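Hi there,

Here is the structure I promised to pass on. Please have a look at it first, and then read my notes below.

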Amino acid sequence: MNMKNLTLTLCLSLAALLGSTGTSWGADYEKGLAAYQGGDFATALREWSPLAEQGNAYAQNNLGTLYANGWGVPKDYKTAAKWYTLAAERGVVDAQNILGFFYLNGRGVAQNYETAVKWYTLAAEQGQTGAQFNLGLLYNLGQVVLQNYETAVKWYTLAAEQGHIRAQFNLGFLYANGRGVTQSYKTGVKWWTLAAQQGHAPAEFNLGLLYANGWGVPQDYKTAAKWWTLAAEQGYVLAQYNLGQVYLKGQGVAKNNVYAYMWADIVAVSGDQNGVRFREKVAKDMTSAQITLAQDLVRECVRKKYKGC
């Protein structure tokens, strides 16, 4: 079976704490929070600003988020960095994580990799999952720190155990490829399953690949087709391509050239030349009536945004 390679998520996460912290900061804080949740950012800014000036760390963090996103004020990364720094110095882990992102990318502050790692580490050591993931990614890729897969595994694991979907996915990749750990498809299956159960399309695709090849699990084309279908329904082109392949060969699903053509055409329309060649191959064994039916199914599938095709 002509399958695509495993994929690795390569992106930094940026998240901010904006909800209730479980601590009452008085009516003004709660009024600001209610305004924020209702999309009234100007009122949130007005209520939180005096609190932030008085040293309320969560109000400082939230002001940073308003300025970083341009909510209720003109977007201003420099001012955002100012408020995030004050919150981070008072131990707000989300602010520490975002400061890591700011220093890594020179957003509102002078770019400084050492400071970025410092803030990420402070947040990660307190259990902030985004920071743990980001540190794992930096060590995974060898960006601004020496590449160290073992350290990447350490941070990914801490985040993955808290349900961080991208950490689960990347950890599965490291186990499947034996980077920083003893190679184990079985453990890769474990982490990709957890990510896939949260709807992560690349994890769904990779699980399909493992089941189709019998890597870490008994070979099972039916289960492979299940995972590829879930990923294909999210518009994941690699899964759409492989789903067409199993329909062509009748592996895990009933052999059906019409559905094979449908998925091949969807891939081809996305601009993938493999899809174009696949569609041409399938069409050679189809009647004109079957091709017309398949094209009708393509239009219907696209209309339904790939769900239930």
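How many residues does α14 have, and how far does α14 reach from its first C-alpha to its last? The helix has 13 residues and reaches 18 Å, close to the 18 Å expected at 1.5 Å a residue. Please keep in mind that this is a predicted model.

You will find α14 at residues 257–269. Eleven of its 13 residues are buried, so this helix is mostly covered. Among the buried ones are Tyr261, Met262, Trp263 and Asp265.

At its start, a side-chain oxygen of asparagine 256 comes to within 3.0 Å of the backbone nitrogen of valine 258. Just after the helix, glycine 271 has a positive phi of about 100°.

Now to α13, which covers residues 237–249. Its 13 residues should span 18 Å at 1.5 Å a residue, and the end C-alpha atoms are 19 Å apart, which agrees. Is α13 enclosed or open? Ten of the 13 residues are buried, so α13 is largely enclosed by the rest of the structure. The buried residues include Tyr241, Leu243, Val246 and Tyr247. Their cover includes α11 (201–213), α12 (221–232), α14 and α15 (273–283). Glycine 250 follows α13, and its phi is positive, near 65°.

Happy browsing, and do write back with any questions!

Best wishes

Conventions:
Residues numbered from 1 in each chain as written. Predicted model: local features only at pLDDT ≥ 70, side-chain atom pairs only at ≥ 80, totals over all residues. Heavy atoms only, no water. Helix = DSSP H or I, 4+ residues; strand = E, 2+ residues; numbered from the N terminus. Expected span 1.5 Å × (residues − 1). Buried < 20%, exposed > 50% of the residue type's maximum accessible area, 1.4 Å probe, protein only. Contact = heavy atoms within 4.5 Å. Polar contact = N/O pair within 3.5 Å; in protein donor to acceptor, adjacent residues only side chain to side chain.
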